[in-house]
Each structure stands twice: as C-alpha cells, then as structure tokens.
Amino acid sequence: MIPKESSYPRDRQVDFIGIISHEMKTPISAAIFQSENIMKELSVKSISQRKLKNEVKILSKQLTHTQELLSKLFSVHYYDTRDVQLTRESIDIILFLRQKIQLFSKLHPSILVHTDLDNHIGNVLLDEIQFEQVITNILENAVRFLYEKDPIIAISLKRIEKDIELVIEDNGC
C-alpha cells in the first residue's frame, strides 16, 4: 500500500494566501481612494493646504498600516507558531474609533454609520495594530451582509462598571 501524501503544506499555503488577501484589501483600498481623492482635488485646484495635509496624513497612516501588516504576514515565526505578540499602548479609543469611522465612511459613502460613543472613556491599553485589524474585519464583514436598499451600521462604545463594551451592528441578514 502506498501512503497517501499529506495535504497539510498545501492547506497552510491556501490559508496563508487567504489571510494575506483578506488582511491587505482594506488598507490598500483606503490608500488608493485617498491618493485618487488628492489627485482629483489637485487637478481642479480646489484643495486647501489644511485639507491636503489631512488627506496625506490619512494616506500615510493607511500605508504605514499596510507596511506593518506585511511585516506580520511574512514573518515565518508568526505563521509557524501562530503566536501573536500583543504590544499594549495607551490609545485614546474615542479618537481612534472616530478616525476609523471617518475612513470607513469615505470608502463606503452609501452606508449610513450611526455612532454612540461615550466621550468620557479616554485612553485604554490595547495593541493598536491588532485592534484596528479586528475593527476593519468586522466592518468589512458587515458590508458583505448589509441590506442594499438602506445600509446602516451602528457603532456604540460604553463603560459598564470596570469594562468597556464596543458593539458593531449592521442591518443585514
């Protein structure tokens, strides 16, 4: 009897490609959108210095995020062990979420985003890169299942005793 060849390496390769395509799609799309928006506004000379600076800042942030993702994605140790090291830092979660929502709204202008954020929460300790990826994945998954006629996403953040609760809901199926 001839032993059957294991499909384990092939399965890992397929998983790896799937993860790369999923994780890279949003920051690349955001960077492309920002650069096209800047070029469009520059061509009609209707952009103020302040707005240009803000648009370039958003573009730079998305490209930096893409670079960080690439570093993680191609780390052999990361995929061999599946051991993710979290780097906690103090982040103003309200500012973070508002920036993420602003970018998301620019990428998906037809989607209405309702927010209910407790402005008194302040800073929290979290791994910004991992947290941003989780939020991005949840929002992109919500986009897939939204009602096409009236797409709505609701995002709420509130303190419940010593904990913080973040809820992201969509009106899809």
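A residue is called buried when its relative accessible area is under 20%, exposed when over 50%, and partly exposed in between (1.4 Å probe, protein chains only). The structure is a predicted model, in which local features need pLDDT of at least 70 and side-chain atom pairs count only at pLDDT 80 or more, while totals for chains, interfaces and linings use all residues. Numbering starts from 1 along each chain as its sequence is written, and side-chain values use heavy atoms, with hydrogens and water left out.

The protein chain contains five helices and five strands, taken as DSSP runs numbered from the N terminus (helices H or I, at least four residues; strands E, at least two). Their order along the sequence is α-α-α-β-α-β-β-α-β-β. The chain has 173 residues, of which 32% are buried. Where contacts (heavy atoms within 4.5 Å) join residues at least 6 apart in sequence, 75% of them link residues at least 24 apart. The accessible surface, from the Shrake-Rupley method with a 1.4 Å probe, is about 11900 Å² for the protein chain, and carbon and sulfur atoms account for 56% of that area.

One aromatic pair is present in the structure. Phe96 and Phe131 have ring centres 5.4 Å apart and planes at 40 degrees, so the pair is tilted. Under the rule applied, rings of Phe, Tyr and Trp (its six-membered ring) pair if their centres lie within 6.5 Å, and planes under 30 degrees apart are stacked, over 60 edge-to-face, and the rest tilted. The pair joins distant parts of the chain, since Phe96 belongs to helix α4 and Phe131 to helix α5, 35 residues apart. Phe96 is buried, at a relative accessible area of 6%; Phe131 also counts as buried, with 18% relative accessibility.

Helices α4 and α5 also feature in the cavity analysis. A cavity is a set of points on a 1 Å grid over the protein atoms alone where a 1.4 Å probe fits but cannot get out, and lining residues have an atom within 4 Å of a point. Grid points are joined across faces, edges and corners, and the volume is the space filled by probe spheres set on the points. One cavity of 30 Å³ or more was counted, and the largest cavity holds about 60 Å³ of space. Its lining consists of Thr26, Lys100, Leu103, Phe104, Leu107, Thr136, Leu139 and Glu140. At least two lining residues come from each of α4 (93-107) and α5 (128-145), with α4 giving the most, four residues. The lining comprises four nonpolar, two polar and two charged residues, where Ala, Val, Leu, Ile, Met, Phe, Trp, Tyr, Cys and Pro are nonpolar, Asp, Glu, Lys and Arg charged, and the others, Gly among them, polar.

Terms used:
On a 1 Å grid over the protein atoms alone, a cavity is a set of points where a 1.4 Å probe fits but cannot get out, and a pocket is an open set with protein on both sides within 12 Å along at least five of seven lines; lining residues have an atom within 4 Å of a point.
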